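Trainee: I would like to learn how to read some features of a model. Please show me the general idea, then the case at hand.

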Amino acid sequence: MAIFPENLAELARGTKGFMPTKEGLALFDLASAIPSTLSGPIVEIGSYCGLSTIYLGEAARQTGRSMLTVDHHRGSEEMHPPSPYFDQSVIDPVTKRVDTLPFLRRTLELSELESVVTVAIGDSAVVAGLVADPIACLFIDGGHGALQEWVDYASWADKITVGGLLLIHDVFEDEKDGGRPPFEIYTAAVASKQFATFTKDMGSLRALRRVS
Ligand code: SAH
Ligand code: MG
């Protein structure tokens, strides 16, 4: 079993974001266990300030894999006022717009993951069009709006190599607990028969393996 270092656990505790420790450690365990015979990077949609990136990036580092993290850094619909997810400290003082890129860079520097994780600043679907090769793992945690979640799934899931992982965050079976789109793409992935569950659920994190 791979070991998540204590210095990174401490860094994660001080990093802004939306990844409970238990689910972050599950991300680390899942990504660490990808067989070395499967080539290709780990891809994350939704870097924000790099909290989940620490867990996936460390798994990539330990297994000699590369990682790409994708975000336009302008925040999701649900991160603007008056949402409870709005954070004034990620507003650029000059442009007055959300800019989480400086926070991500700081996280990557402090975690010494700069040489492992490549940062793509842009719209998820546009970046997907620039990535031609198969990927070993896709983590979808970008915009959770009804359209964006489907766009992320449609633009990226086919790139996952057979045997590779599809990880989806904020999947809530009961709509009282959260928005529908992540649950909808999870359901669609299972129904497609291209993906199958293989491990127990971890909070709102769902893990699927590409089987065909
Ligand atoms: N994984 C992060 C949380 C991500 S929040 C953590 O662990 O804390 C969702 C992120 O998705 C936001 O930073 C937002 O800017 C980004 N996002 C939303 N829509 C996007 C799009 N169309 N393309 C790229 N990034 C997008
Ligand atoms: Mg999330």
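Mentor: Start with exposure. Buried means under 20% relative accessible area, exposed means over 50%, and partly exposed lies in between (1.4 Å probe, protein chains only). Aspartate 87 is partly exposed because its relative accessible area is 22%. This is a predicted model: local features need pLDDT of at least 70, side-chain atom pairs count only at pLDDT 80 or more, and totals for chains, interfaces and linings use all residues. Residues are numbered from 1 along each chain as written, chains are lettered from A and ligands numbered from 1 in the order written, and side-chain values use heavy atoms, with hydrogens and water left out.

Trainee: Which residue forms a salt bridge with aspartate 87?

Mentor: A salt bridge is a side-chain nitrogen of Lys or Arg within 4 Å of a carboxyl oxygen of Asp or Glu. Here the partner is lysine 16, with the closest N and O atoms 3.0 Å apart. Lysine 16 sits in the loop between helix 1 (6–13) and helix 2 (21–32), and aspartate 87 in the loop between strand 2 and helix 4 (101–110), so the pair ties together parts 71 residues apart in sequence. Helices (H or I, at least four residues) and strands (E, at least two) are DSSP runs, numbered from the N terminus. Lysine 16 counts as partly exposed, at 29% relative accessibility.

Trainee: How many salt bridges does the structure hold?

Mentor: Six. One of them joins arginine 61 to glutamate 58, at 2.7 Å between the closest N and O atoms. Both lie in helix 3, three residues apart, about one turn of the helix. Arginine 61 is partly exposed at 43%, whereas glutamate 58 is buried at 1%.

Trainee: Which residues coordinate the magnesium ion (ligand 2)?

Mentor: Donors are N, O and S atoms within 2.8 Å of the metal (3.2 Å for Na, K and Ca); water is not among the atoms, so sites may look incomplete. Asp141 (OD), His169 (ND1) and Asp170 (OD) coordinate this ion at 2.1 to 2.2 Å. Their spacing in sequence is D-x27-H-D. Histidine 169 is buried at 1% relative accessibility, and aspartate 170 is buried at 18%.

Trainee: In which sense do strand 5 and strand 7 pair?

Mentor: Two strands pair if DSSP finds at least two bridges between them. Strand 5 (residues 160–168) and strand 7 are antiparallel, over four bridges. Isoleucine 168 has arginine 206 as its bridge partner in strand 7. Strand 6 (residues 195–197) also runs antiparallel to strand 7, with three bridges. Four of the five residues in strand 7 (residues 206–210) are buried.
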